[in-house]
Amino acid sequence: MKPNYLTTTLLLLSAVLFAGCATISQNNQSDQTAQNVNPADPYENTNRTFYKITDAVDRHVLEPVANAYIVHVPNPLRRSIGNFYDNVAYPNVALNAFLQGKVRQGFEDTLRFAVNSTIGLFGLFDMATPMGLKQNDEDFGQTLGVWGVDTGSYLFLPFLGPSSSRDVSSIPVSVFTNALFYVSSATVFAPIGILGIIDKRARLSGSMLIRDQAALDAYLFVREASLQQRRHQIYDGNPPPESYDDPSQDDSLEDSSVRDNPLQNNPARDRRTDRVSRLQNDPIEMTLNLQRTNLQQIDLEHNPARDRRTDRTPLLR
């Protein structure tokens, strides 16, 4: 079938916007580097500009329409509309499940799409979930993350929302695997596409309300929430623990030094030895605290709490 020209035009426009995000001029890059910006968000100034533009359009156009949609469209009908758009985009989920090596999940996702597209009347009714075929969420950005591709720089795409230099590549894949991309009639595609935008904004109303009520800086709130969500999705809800003190370099240096010289004191493993070494480096502190240090060492050698029998024996004598 012949693809819809409107979709192709939007795809090319998105590609231009992606290039604009990723190819900031050298002057802007040097200015942002001089300001010591977050290394995960080196294009923060440009991202904030795109965020403000998108937020203004959302508040003045999409939000009022989405609110009217929620008020006037019954909840069962909105649920069926949401099921339809989830179903037409579900081949992307099945494809990326296979690409990530989740063969069993890939077959289940394929079966879910087939069931909902037939028995569920093109996805208007979710008949697969009661059959034990749960809904999953996979995309090509997650696939690249599973393959070991780094997140890269954070990007906020105009009218599309949070992304990254890695996740940008998932957008064309999502477009080409969407069943609506192959609808050649503009008279059919246009109203379905507009309704899909409204439905998506309506489903995000709760998240937008939380952002407006809880965030001191809405841009930072959206950025951190999106990055954490992507990490959560890539690791299927079980991400490895993060180190907030960022001691990786220091720990590696300490471990290597201990392996090279086993007799060398390690402050992270022996705090008592660390205190003694600090006293030796500071003669004044050593003089003032010598008595306290000796008492602490004596207390460590003879601890009544560790050997109550030995503690009671002198009393009996």
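Visitor: A crossing is left-handed if the near helix is turned anticlockwise from the far one by less than a right angle, and right-handed if clockwise. Is the crossing of α5 and α6 left-handed or right-handed?

Guide: α5 and α6 cross in a left-handed way. This is a predicted model, where local features need pLDDT of at least 70 and side-chain atom pairs 80 or more, while totals for chains, interfaces and linings use all residues. Numbering starts from 1 along each chain as its sequence is written, and side-chain values use heavy atoms, without hydrogens and water.

Visitor: Where do α5 and α6 sit, and at what angle do they cross?

Guide: α5 covers residues 90-99 and α6 residues 103-118 (helices are DSSP runs of H or I, at least four residues; strands, E, at least two; both numbered from the N terminus). Their axes come within 7 Å and cross at roughly 165° (lines fitted to C-alpha atoms over the stretch in contact, with angles from 0 to 180 degrees between N-to-C directions). That makes α5 roughly antiparallel to α6 (over 145 degrees; under 35 is roughly parallel, 65 to 115 roughly perpendicular, the rest oblique).

Visitor: What about α4 and α9?

Guide: The axes of α4 and α9 come within 10 Å and cross at roughly 110°, which makes α4 roughly perpendicular to α9. α4 passes α9 in a left-handed crossing. Ile81, Phe84 and Tyr85 of α4 take part in the contact, and on the α9 side the residues include Ile192, Leu195 and Arg203.

Visitor: Switching topic: how many residues make up the largest nonpolar core?

Guide: There are 11, including Ala66, Ile81, Phe84, Tyr85, Phe189 and Ile198 (a core is a set of buried Ala, Val, Leu, Ile, Met, Phe, Trp, Tyr and Cys residues joined through side-chain atoms within 4.5 Å). α3 (44-72), α4 (75-88) and α9 (186-203) each give two or more residues to this core. The largest share, four residues, comes from α4.

Visitor: Is arginine 223 buried or exposed?

Guide: Arginine 223 lies in helix α11 (residues 218-234). With a relative accessible area of 6%, arginine 223 is buried (under 20%; exposed is over 50%, partly exposed in between, with a 1.4 Å probe and protein chains only).

Visitor: Which residues is arginine 223 in contact with?

Guide: Leaving aside neighbours within four places in sequence, arginine 223 is in contact with Asn38, Asp41, Glu44 and Tyr154.

Notes: Contact means heavy atoms within 4.5 Å.
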